[in-house]
Amino acid sequence: LDRAVDAQIERQRIELKQLLGLEGSGCEIVFSPSGTDSQLHALFLARALLGTPLVSVIAASDETGSGATFATGGRHFNAFTALAVPVGKGGPIRDLADGVIGARVPLRDGFGRLRPVDETDGDVAHTVAREVAAGKRVLLWAMDSSKFGLRSPSEDCLRWIADAAGDDVMIVIDACQARLGRRRLRWYLERGFPVLLTGSKFFTGAPFSGALLI
């Protein structure tokens with residue numbers, strides 16, 4: 001049975017790569033029960049590559065899922081795990097939350113109005129630069145795109161951070177619901193940015209499904 005399940009999962013990986021135009025790209029796919037679970041996988045990867053102390057910066061924090069603040073900090077985002085084990089929501093996940101600090105950069109002001117792109121880009125870049133200067137590593141969660149079709153930070157800002165910060169920063173792209181084209185998806189992966197995907201409502205994809213593309 002285990003071999004049959006493994007074979008089916010591998011067939012799904014191959015099919016997803018074909019649908020996304022990623023054959024031969026070297027991309028690897030890690031499936032999970034949800035996009036929020038995939039955030040835990042990305043945090044694990046960042047800890048392994050960057051170490052701690054690690055600052056987890058959520059761009060467009062007011063446009064992401066309700067469990068993102070917990071998961072990006074290595075904390076339980078529900079009262080039960082994907083295997084139905086009861087846990088304390090918001091409590092630290094052993095060996096994942098230690099040394100992780102959260103930071104958020106919202107897209108909207110206190111009245112719900114969109115802030116100028118230059119302002120949000122500046123906040124993201126300043127936060128990353130400040131933490132790196134303080135000797136910390138940074139995991140930046142970039143949004144592309146939210147349910148309102150919004151991205152943050154801008155592509156120019158992402159380029160600047162990636163080029164300036166080097167190995168001190170990992171950029172993860174939140175592309176859940178697949179609200180972007182294959183060309184941009186491939187560009188992210190070619191730059192070394194892991195990408196989060198979920199079963200897209202637009203494409204009538206299956207619920208409770210997530211993937212981390214590396």
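Me: Which residues lie nearest the centre of the second largest pocket?
Reply: This is a predicted model, to begin with. Leu16, Leu19, Thr198, Gly199 and Ser200 lie nearest the centre of that pocket. Its lining has 23 residues.

Me: Which elements give two or more residues to that lining?
Reply: Helix 1 (2-19), helix 6 (182-190), strand 1 (29-32), strand 7 and strand 8 (210-213).

Me: And which gives the most?
Reply: Helix 1 does, with five residues.

Me: What volume does the second largest pocket have?
Reply: About 760 Å³.

Me: How does its lining divide into nonpolar, polar and charged?
Reply: Twelve residues are nonpolar, nine are polar and two are charged.

Me: OK, on to the largest pocket. What's its volume?
Reply: The largest pocket comes to about 1200 Å³. It is lined by 42 residues. Closest to the centre are Ser34, Gly35, Thr36, Asp37 and Phe77.

Me: Which elements give two or more residues there?
Reply: Helix 2 (35-50) and strand 7 (195-198). Helix 2 gives the most, with six residues. Strand 7 also gives two or more residues to the lining of the second largest pocket.

Me: How many of the lining residues of the largest pocket are charged?
Reply: Seven. Another 20 are polar, and 15 are nonpolar.

Me: Switching to rings. How many aromatic pairs are there?
Reply: The structure holds three. One of them joins tryptophan 187 and phenylalanine 193.

Me: Why is the pair of tryptophan 187 and phenylalanine 193 called edge-to-face?
Reply: Their planes meet at 80°, and over 60 degrees counts as edge-to-face, so the pair gets that label. The ring centres are 6.2 Å apart.

Me: Are those two buried or exposed?
Reply: Tryptophan 187 and phenylalanine 193 are both buried.

Me: What about tyrosine 188 and phenylalanine 193, how are those rings set?
Reply: That pair is tilted, with 35° between the planes. The distance is 6.3 Å centre to centre. Tyrosine 188 is buried, as is phenylalanine 193.

Me: Which residues form the aromatic cluster, then?
Reply: Trp187, Tyr188 and Phe193 form one cluster.

Me: Last thing. Which ring does arginine 108 lie over?
Reply: Phenylalanine 148. Arginine 108 sits over the face of that ring, 5.3 Å from the ring centre.

Technical notes: Residues numbered from 1 in each chain as written. Predicted model: local features only at pLDDT ≥ 70, side-chain atom pairs only at ≥ 80, totals over all residues. Heavy atoms only, no water. 1 Å grid on protein atoms, 1.4 Å probe; cavity = no way out; pocket = protein on both sides within 12 Å on 5 of 7 lines; lining within 4 Å. Points joined across faces, edges and corners; volume = space filled by probe spheres on them. Helix = DSSP H or I, 4+ residues; strand = E, 2+ residues; numbered from the N terminus. Nonpolar A, V, L, I, M, F, W, Y, C, P; charged D, E, K, R; others polar. Phe/Tyr/Trp six-rings, centres within 6.5 Å; stacked < 30°, edge-to-face > 60°. Buried < 20%, exposed > 50% of the residue type's maximum accessible area, 1.4 Å probe, protein only. Lys NZ or Arg CZ within 6 Å of the ring centre and 35° of its normal.
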